[in-house]
Amino acid sequence: MVKLVQVVFMIFVKKFKLRSVIDKSVTFIPLIFSDSSLLLFLVTMTIEYSIIESVPTPEKFCELRKRAGLSPKNVEVARKALPNTVFGVSVIDNRDKSVVGMGRIVGDKYLALTIVDVAVFPEHQKKGLGKLIMETLMNYLKSYVTRDCYITLMADGDAKFLYEKYGFITGLPISLGMYYAHPKKQLL
């Protein structure tokens, strides 16, 4: 019976597209009414994380990138770049209201978009936050982007397994992703 309630609860969560991650300590409390054939459960839980449609501050953006193992960025450059985000999200730890994850979409809005800066602090990883970020970014793309738009991303290490779940495939052998290797002298 508990499994049935868990399944019904998960369907409820998916149906209404709740944008939160529930911790593992979900408690099911049985409630028995006078008709003994009817058994209900009261579900108590703690919502640990929420996602908001906003990019983090430039300082938090740089900290997230660095601590998540992405290449470090200059705060002043981030201050100029972040307002040009097409769509961005921040994951909030509801216990202390701090930003612990992020993801962005950049591009021209119609023909070319790139998912970038998907990052979660190491101590908050392995809790489904990367999936939460990707689901939110993909919902935006499915809602606002036409088939004419070329959507790309760069996958570092095992992140490719996460991105494959959302329909991303390697371009090889048809095309090869490339990036410009900046000379040692700063361009900006």
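Reader: What makes the largest nonpolar core a nonpolar core, and how many residues does it have?

Author: The term stands for buried Ala, Val, Leu, Ile, Met, Phe, Trp, Tyr and Cys residues joined through side-chain atoms within 4.5 Å, where buried means under 20% relative accessible area, exposed over 50% and partly exposed in between, with a 1.4 Å probe and protein chains only. Here, 38 residues make up the largest such core, and Ile 105, Ile 115, Ile 133, Met 134, Leu 137, Leu 141 and Phe 168 have the most contacts inside it. Two or more residues each come from strand 4 (47-52), helix 2, strand 5 (87-93), strand 6, strand 7, helix 4 and helix 5. Helix 4 gives the largest share, eight residues. This is a predicted model, where local features need pLDDT of at least 70 and side-chain atom pairs count only at pLDDT 80 or more, while totals for chains, interfaces and linings use all residues. Residues are numbered from 1 along each chain as its sequence is written, and side-chain values use heavy atoms, leaving out hydrogens and water.

Reader: Which residues does Phe 168 touch?

Author: Leaving aside residues up to four places away in sequence, Phe 168 touches Ile 115, Met 134, Met 138, Ile 151, Thr 152, Leu 153 and Tyr 163. A contact means heavy atoms within 4.5 Å.

Reader: Is Met 178 buried or exposed?

Author: Met 178 has a relative accessible area of 70%, so it counts as exposed. You can find Met 178 in the segment after helix 5. Met 178 lies 24 residues from Met 154 in sequence, and their C-alpha atoms are 9.5 Å apart in space.

Reader: How many helices and strands does the chain have, and what makes a run count as one?

Author: The chain has five helices and eight strands. They are DSSP runs numbered from the N terminus: helices are H or I with at least four residues, strands E with at least two.

Reader: How many residues line the largest pocket, and what are their classes?

Author: The lining has 49 residues, with Arg 65, Leu 70, Ser 71, Asp 117 and Asp 156 nearest the centre of the pocket. Its classes come to 27 nonpolar, 11 polar and 11 charged residues. Ala, Val, Leu, Ile, Met, Phe, Trp, Tyr, Cys and Pro count as nonpolar, Asp, Glu, Lys and Arg as charged, and the others, Gly among them, as polar.

Reader: What makes this a pocket and not a cavity?

Author: On a 1 Å grid over the protein atoms alone, a cavity is a set of points where a 1.4 Å probe fits but cannot get out; a pocket is open, with protein on both sides within 12 Å along at least five of seven lines, and lining residues have an atom within 4 Å of a point. Strand 7 gives the most to this lining, seven residues.
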